[in-house]
Amino acid sequence: MADINYDDLGLKVGLECHQQLDTKEKLFCSCKPELSREKPRFFFLRRLRPTQSEMGQVDPAAYFEFQKGVKILYEADPETSCLVEMDEEPPHELNREALEIALTVALMMNAKPVDEVHVMRKVVIDGSNTTGFQRTCVIALNGEIQVDRKKIPIEHISLEEDAARKTGGEGLIVRYRIDRLCIPLIEVTTGPVIHSPEEAEKVALAIGRILRATGRVKRGIGTIRQDLNISIREGALIEVKGVQELELISKVVELEVKRQLALLKIRDELKRRGVTEEQIKDKIKDVTSVFKGTKCRILRRAIEKGRSIMAIRLPGFSGLLGTELIPGVRLGTEMADRARFWGRVGGILHSDEFQSYGISMDEVEELRRILNAGDEDAIVIVADEKENCIDALRAVAERAKEAIRGVPEETRAANPDGTTRYMRPRPGAARMYPETDVPPIPISNEYLERLRMNLPEMPERKVERLIREYGINEKLARQLQDSEYGDLFEMIVKETGVPSTFVAATLTETLKSLKREGFGIERLSREQIIEAFRLVGSGRTSKEALPEIFKWLSSHEGADPEEAVKTLGLAMLSKHELQRIIQELIDQNRRLISERGERAFGPLMGMIMKKYRGRVDARMVSALIKEEISRYRGGAN
Amino acid sequence: MDEKLPGYRGEALRILKEAYVEVGDLIRIEKAGVTYEGILMPRSELGDERHITIKIRSGYNIGVRITSDMRVEKKASIAKPSFIPPPPPKQKPGMPRVTIISTGGTIASRVDYRTGAVRPAISASDLYSIVPELSDIAAIDTEVLFSMFSEDLTPKHWSQIAMKVAEHIKRGAQGVVITHGTDTMGYTAAALSFAIQKLPVPVVLVGAQRSEDRPSSDAAENLIGAVLCAARAPFAEVVVAMHQTISDEAIAIHRGTKVRKLHTSRRDAFKSVNSSLLARVYNGEIIMLTDEYNGRRDDAEFILKPDFEEKVALIKFYPGMNPDIIDWHVQNGYKGIILEGTGLGHVGRRCFPSIRKAIESGVIVAMTSQCIWGRVNMNVYTNGRDLLSLGVIPLGDMLAETALVKLMWILGQTDDPEEARSLLMRNIAHEFSSRSVEPIEPPESIKA
């Protein structure tokens, strides 16, 4: 596709950055805010019944799920959860450490803390919260940050509990692990003022830098998640949830714009064809008999299992279901997502792809006859229990109607490749009510003043200072700022005496490239990294040995770096050993030296370094070789 | 309290009144150059006088502190939030008739958006419309008797409940469900077990540990189990229906005289003590767990004795307890004392003279154990034997709370100490069991 002019499209993006805080306890209880590494120890089963919001409304999607009899199987263990996460005990008081971090971030973003914090319940009944709501509170309003000289308004800074992790599901059972539930999260919400995919990524980066500057947020994959609110003119406001990688943000925005543009094109085509919503009927027919002797494997297997095959006609939709919106996503895919959500079916088959599934011309003819469908119409079929088929095809018909209107408002989930999938309809606005079990918390001016006096260094200031104090270049200073390990830099330099540029490059470029090569660097503890530098600083091993040590540690979780040095034979050679090695080398290369004289230095140096890189200090090697050559030549003369 | 500004007091109330605003109005607050806009919300009971609560556009509530330079102004009136129960489902023909009597408690409470507190607000008919599944089980009549927290109920309320239950049985109810706060539900269950005897139909008390306005509330499952029992159970006794485990799976049916709340907050807080469950509701079926129960009958005959004597005390013995406590009760006209003794049924010897005086002045003194589980046996140690010889009545494996209720009921029926003593020791409503057996129940915890 040619370059898109996002301004012309009226692109508006707002971000919601969620970052786990590095507190001692969870938000409303004293459990450790950590994910469990063990298998779950006990289980409990719950149903969540949709209740009326304080405005008297019931969320239709939630009610539908409930009526289907969906149950949630919670997995738990006593190390990471207590009765509070199990919704068997009222919440304790709001974690004051988390509140302080959130207020600190608020002040760093020039937001105005509220005078009194009120904890609210935001209704979420997919099972990710045992209570059926997420506890959340707004801490500050109307902040502002600078990104490339543009002012980005920060509408809200909130503190909330993280949700349980989905670990699977089968049939009407959904599984969640509750270890993550109630880990404190800060949520930073920008205004919808972002106008390009790249800008979205830059703003997210800038917010992440401020959060990390507090030194009190968790690091590593899964600890930061972005939700994106994306809309274009004539399109719809789409909420994309759960983008974990910063680098994916611009791609998600770009693909979402493309998806909406493609849906608008389909809308125009349907209009051109004269298709109206009234023409789409809920008439669902049982067509199992058509496929008695089918060669289509999916359908044959379904019939063997005693399932029904049912079909619906989508008038005027021929050729449109197979239209690709973005790579791998067609209008048919969107319908299949809906069918899965509402009908719990595995997927759908539609007439634009019947042939590729081995459905014969005769079968298609027969389908068209039963459904009274012409060539201009599309047909969607589903194979499952009858009731599920009907729910699924109703959802397909609904999605078809929405295609006539354009882009449906919905909540979508991000895939790792930057595409998105249907998650659920957008929840209504009135789903927030007070958490009456937690009293409101007044924020005094004196307390805010104390925090204001002790704010962490802002990221830009820190970059300037690192350049000034440590003599590293700007590129490295910026890389440090965005690195997961950047905060170790100053301490390592001060404590180990290893040259600053080398430390900075190792913490950023080296670790990154090792990760790229597939080493599990995330398994290294911060203590291990610091210790490895200490070994360099004290001369126990060389700078060049560090990558090898890190590689080894990544596959020996929790091991001592000293052990890596020993096992890998990376201990520095003593001067004495080195002298002996160089003398041997010179003995073996007498001809070279007699022929080239001083110029034999290069090749000899190369030979030593090739064999002993990581165990010798290059400067010492160079000095010793020069010394030995001149001694040899002096002696030979 | 100002009806249009619930929860507001002092300076906040004055400022809001002067601005002619009321809860539910869209207001604008300006102070120190900052503007807040939102819907004025009620002030929670836990809140102070120095803040105004507003709901901002995103749905969050925040508190705005009162200052001298603050300006409040009304922008618009907004429809007041209110709870509108969905219309009750259509009655299906041919269903057993069940009455739901509502007395209050968590099962019938929700957040009151005008006061911000959780309070009893839902009538029995609201419950019925919120849990429409009930219409597949029974044809339901509803009646609101009280809207009270159960700790505020007294023996007078037990009498009223008993009479109300009797009235509905006479009118042909095939089962009665009573929604009740859980804190003292065990006491009420015991009280009804004695007050209505030879019941022809089941009387089921039911509560919830999580309020009904939460998606995770246990109210609906408990209520469905209770109504199912009222409509179809083969027994005709007073029982309590609550979650058996922390899962939304099985509803345990406890005998009214053998049940105790044993946890402050868990869904499975209620346990049958010194007794197996009477039954369990699982997958829409009632599974009886014992053969020994009073069966349902077709007639509407029963014995109603709804009077209770309130001058009965439950005294828990503790090391160093001053016997003046016992003397005080005697001097103040108490007619009965249930002791919650240690272990097998003991109190320190220092209390013996007071106990002797109490019994000599005609007060009935009986012994239960603070161990909760097990039965008293006062023949094992000297102290126990001496207490027996003083005239203290050992109450076997009866729960202390049940013993208190029973003695209140007995003294509501008779003034004759001999008759009272004999009634106290007679098994009237399964409050005693003669055998202590290891309960065999199917494993309860869910496997992955």
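Guide: Start with how the elements are assigned: helices (H or I, at least four residues) and strands (E, at least two) are DSSP runs, numbered from the N terminus. By that rule, chain A holds 21 helices and 23 strands. The model is predicted, so local features need pLDDT of at least 70 and side-chain atom pairs count only at pLDDT 80 or more, while totals for chains, interfaces and linings use all residues. Residues are numbered from 1 along each chain as its sequence is written, chains are lettered from A and ligands numbered from 1 in the order in which they are written, and side-chain values use heavy atoms, with hydrogens and water left out.

First, the setting. The C-alpha trace of chain A spans about 105 × 70 × 55 Å along its principal axes. Chain A has 637 residues, and 55% of them count as buried. Buried means under 20% relative accessible area, exposed over 50%, and partly exposed in between (1.4 Å probe, protein chains only).

Now the pairs. Side chains of opposite charge can pair when their charged atoms come close. The cut-off here: a salt bridge is a side-chain nitrogen of Lys or Arg within 4 Å of a carboxyl oxygen of Asp or Glu. Over all chains, the count comes to 97 salt bridges.

Look at A:Asp482. Its side chain meets that of A:Arg212 in a salt bridge, 3.6 Å from N to O. This pair links distant parts of the chain: A:Asp482 is in helix α12 (residues 474-482) and A:Arg212 in helix α4 (residues 197-213), 270 residues apart. The two partners differ in cover. A:Asp482 is partly exposed at 30% relative accessible area, whereas A:Arg212 is buried at 18%.

Next, A:Asp286. The closest N and O atoms of A:Asp286 and A:Lys386 are 3.5 Å apart, which makes a salt bridge. A:Asp286 lies in strand β14 (residues 284-286) and A:Lys386 in helix α9 (residues 386-405), so this bridge ties together parts that are 100 residues apart in sequence. Here A:Asp286 is partly exposed, with a relative accessible area of 35%. A:Lys386 is partly exposed too, with 44%.

Then a local pair. A:Glu531 and A:Arg534 form a salt bridge with an N to O distance of 2.7 Å. Both sit in helix α15 (residues 526-537) of chain A, three residues apart, about one turn of the helix. A:Glu531 is partly exposed at 23%, and A:Arg534 is partly exposed at 35%.

Some charges join a network of salt bridges. From chain A, the network takes in A:Arg46, A:Asp87, A:Glu88, A:Arg121, A:Arg135, A:Glu161, A:Glu435 and A:Asp437. From chain B come B:Arg210, B:Arg214 and B:Arg267.

Other charges gather in patches. Patches are made of residues with over 30% relative accessible area and no salt bridge; like charges are joined within 9 Å, and nonpolar side chains (Val, Leu, Ile, Met, Phe, Trp, Tyr) within 5 Å. Lys and Arg count as positive, Asp and Glu as negative; His and the chain ends are not counted. The place of a charge is NZ of Lys, CZ of Arg, CG of Asp or CD of Glu. Accessible areas come from the Shrake-Rupley method with a 1.4 Å probe; for residues, only the protein chains shown count as cover.

A:Arg297, A:Arg300, A:Arg301 and A:Lys305 form a positive surface patch. A:Arg297 belongs to helix α6 (residues 297-304) of chain A. A:Arg297 is exposed, at 55% relative accessible area. A negative surface patch is made by A:Asp362, A:Glu365, A:Asp375 and A:Glu376. A:Glu365 is found in helix α8 (residues 361-371) of chain A. A:Glu365 is also exposed, at 52%.

The structure holds zero disulfides over all chains, a disulfide being a pair of cysteine sulfur atoms within 2.5 Å. A:Cys296 is in no disulfide; the nearest cysteine sulfur, in A:Cys389, is 14 Å away. A:Cys296 is buried, at 1% relative accessibility. The sulfur of A:Cys137 is 12 Å from the closest cysteine sulfur, in A:Cys182, too far for a bond. A:Cys137 is buried, at 1%.
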